[in-house]
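Me: Please take a close look at one part of this protein for me. I would like a plain account that I can follow with the model open.

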Amino acid sequence: REYKVSIWNRVAQDLWGLRSDEVKGHSFLGLDIGLPVDQLKAPIRACFEEGCERSTVTLDATNRRGRVIKCEVTITRFVNETAQNGGVALIMEDASERERSTELLREGVGAGRRIIEELPVMLLARGEDNLLAAWNQECEKVTGWKANQVVNNADWAKLFFPDGAYRAQILAQWQQLGDHHRNWEWQITCKDGTVKTVAWSSASQALTIPQWRDWAIGVEKTPG
């Protein structure tokens, strides 16, 4: 199989330096983007041909701008309307930013919370009362919701998830997932009414922040 690319969104363009029209219709395994795609053959085939629903692979890569990154690739199988295998979706994320952010957090615990506001990725935290205790500048930039509108606001979930059923689903999932999860996606309603996809990852079980029940780092993954 050639595994031709049918969608190449803005995040992929920014990450690898190739436009959508340079990639669509070409075999993914033949792309020269700085990612060792040969190492993805087996997991892609497992999802596409053997029924594996999802797998995650982390690879070292160098993009066209010469930047060395640690790329986390999540491969997900999907089916078409006739329940036949419709292909696979690859979510490629620069995990080095997440690792750097975690290190910044570790350094910032004893030095004060100011550093939290300057992280290059979205970051939120909950207090013991389940209210939001932190909502950094990147969160404000992506969603339009300011920290003073959502932190310590008992109605924060109603702002993010106006649909009651979806809100209950997210809150129940958070309770179940607890303080250790990766790439948990929210469809969050922004202040201007648009809906964006944000994937949250938390390792707060391993790194405790005083007065925070848990915290998570987010990456916007809204389809381009």
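Which elements do the buried residues of α8 pack against?

Reply: They pack against β4 (122-126), α7 (156-160), β6 (181-189) and β8 (214-220), where contact means heavy atoms within 4.5 Å. This is a predicted model, in which local features need pLDDT of at least 70 and side-chain atom pairs count only at pLDDT 80 or more, while totals for chains, interfaces and linings use all residues. Residues are numbered from 1 along each chain as its sequence is written, and side-chain values use heavy atoms, with hydrogens and water left out.

Helices (H or I, at least four residues) and strands (E, at least two) are DSSP runs, numbered from the N terminus. The protein chain has eight helices and eight strands.

Helix α8 covers residues 164-177. Its 14 residues should span 20 Å at 1.5 Å a residue, and the end C-alpha atoms are 20 Å apart, which agrees; the expected span is 1.5 Å times one less than the number of residues. The buried residues in α8 are Arg-167, Ile-170 and Trp-174. They cover an arc of only 65° around the axis, so they sit on the same side of α8; the arc is that of the directions from the helix axis to the C-beta atoms. Ala-165, Gln-175 and Gln-176 are exposed on the other side of α8. Buried means under 20% relative accessible area and exposed over 50%, with partly exposed in between (1.4 Å probe, protein chains only).

Now the two ends. At the N-terminal end, Asp-163 caps α8, with a side-chain oxygen 3.3 Å from the backbone nitrogen of Ala-165. After α8 comes Gly-178, which has a positive phi, near 70°.

Strand β7 (residues 195-202) runs antiparallel to β6, and seven bridges join them; two strands pair if DSSP finds at least two bridges between them. Thr-189 has Val-195 in β7 as its bridge partner.

How values were computed:
A polar contact is a pair of N or O atoms within 3.5 Å; within protein, one must be able to donate a hydrogen and the other to accept it, and residues adjacent in sequence count only if both atoms are side-chain atoms.
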